[in-house]
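Student: Could we go through this model together? I would like to begin with the strands and then look at a few individual residues.

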Amino acid sequence: YINEVTTQPERHNKYVRLAVERHLSDLVRTDGLYYFDTDAADRVIKIIKMFRHTSGSFARKRFDLQPFQAFGLAMIFGWKRSDTGKRRFTKVYWETPRKSGKSELAGAIQLVMTFFDGETGAQSYTVATKTDQAKFVHEAAKFMAHQFMNESAAFKQRCKVTQYEIKDLHTNSYIKKMTADAGTEDG
């Protein structure tokens with residue numbers, strides 16, 4: 001993906017080009033503030049590829065990460081702070097067009113951060129102004145969790161899915177949805 005963006009910049013918007021440029025320039029930084037952990041990036045990508053799509057023509061098929069999605073995940077989970085070993089990026093703004101798999105990817109990321117991050121008491125929320133909007137991501141995460149429970153006895157032992165919550169019984173971590181039900185359609 002990086003090669004595609006650098007060799008065909010006209011096919012990618014300004015922000016994609018800037019993200020790739022930042023990544024490449026940061027790889028050669030000499031100040032030692034950050035490092036790229038390839039193993040951490042690859043681990044998240046491998047985990048998400050074990051989950052299954054939840055709807056449409058890809059339903060029940062293994063998660064098919066597109067190159068831009070894999071790049072985004074690598075940036076989020078691969079870059080670390082040298083002083084703490086924790087993630088460099090703690091806030092992410094991800095914008096893609098409609099029908100590009102945002103809800104499913106967000107649900108998969110929630111499962112990774114809740115069950116595979118190793119944090120006790122992790123709390124992940126899907127937040128929206130309307131219940132129906134929050135439901136898209138939450139239902140995707142629930143479906144993926146159910147599918148993965150059917151495929152992994154270890155995951156089934158530690159995961160409990162209820163109407164309002166997906167819980168990691170080993171770490172007391174959970175995923176919930178929160179809504180304001182305000183008078184707006186903006187998510």
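**Strands, a helix and a surface patch**

Tutor: In this predicted model, strands β5 (residues 165-168) and β6 (residues 173-179) run antiparallel and are joined by four bridges.

Student: Which residue of β6 is the bridge partner of I166?

Tutor: I166 has I175 as its bridge partner in β6.

Student: How many bridges join β3 to β6, and in which direction do these strands run, parallel or antiparallel?

Tutor: Six bridges join β3 to β6, and the two strands run parallel. Within β6, M178 is the bridge partner of V127.

Student: What holds strands of a sheet together in general?

Tutor: Strands of a sheet pair through backbone hydrogen bonds, in either a parallel or an antiparallel manner.

Student: What is the order of the strands in the open sheet here?

Tutor: The order is β3-β6-β5-β4, four strands with mixed pairing. The edges are taken by β3 (123-128) and β4 (159-161); each has a single partner strand, so one side of each is left without a neighbour in the sheet. On average, neighbouring strands of this sheet are turned by 15° against each other, direction ignored.

Student: Which strands does α6 lie across?

Tutor: Helix α6 lies across β3, β4, β5 and β6, and runs at about 155° to β6.

Student: Which residues of β3 are on its covered face, and which on its uncovered one?

Tutor: The covered face of β3 has S124, T126 and A128, whereas Q123, Y125 and V127 are on the uncovered face.

Student: Let us turn to V137. Where is it found?

Tutor: V137 is in helix α6, which spans residues 131-151.

Student: Is V137 buried or exposed, and why?

Tutor: V137 counts as buried because its relative accessibility is 12%, and the cut-off for buried is under 20%.

Student: What is V137 in contact with, leaving aside its neighbours within four places in sequence?

Tutor: V137 is then in contact with S103, A106, G107, Q110 and T126. T126 belongs to the covered face of β3.

Student: A change of topic: which residues make the nonpolar surface patch?

Tutor: L24, L27 and V28 make that patch, which covers about 270 Å².

Student: And where is V28 placed?

Tutor: V28 is in the loop between α2 (14-27) and β1 (34-36). V28 counts as exposed because its relative accessibility is 61%, the cut-off for exposed being over 50%.

Note on methods. Residues are numbered from 1 along each chain as its sequence is written. This is a predicted model: local features need pLDDT of at least 70, side-chain atom pairs count only at pLDDT 80 or more; totals for chains, interfaces and linings use all residues. Side-chain values use heavy atoms; hydrogens and water are left out. Buried means under 20% relative accessible area, exposed over 50%, partly exposed in between (1.4 Å probe, protein chains only). Contact means heavy atoms within 4.5 Å. Patches are made of residues with over 30% relative accessible area and no salt bridge: like charges are joined within 9 Å, nonpolar side chains (Val, Leu, Ile, Met, Phe, Trp, Tyr) within 5 Å. Accessible areas come from the Shrake-Rupley method with a 1.4 Å probe; for residues, only the protein chains shown count as cover. A salt bridge is a side-chain nitrogen of Lys or Arg within 4 Å of a carboxyl oxygen of Asp or Glu. Two strands pair if DSSP finds at least two bridges between them. Axes are lines fitted to C-alpha atoms, for helices over the stretch in contact, and angles run from 0 to 180 degrees between N-to-C directions.
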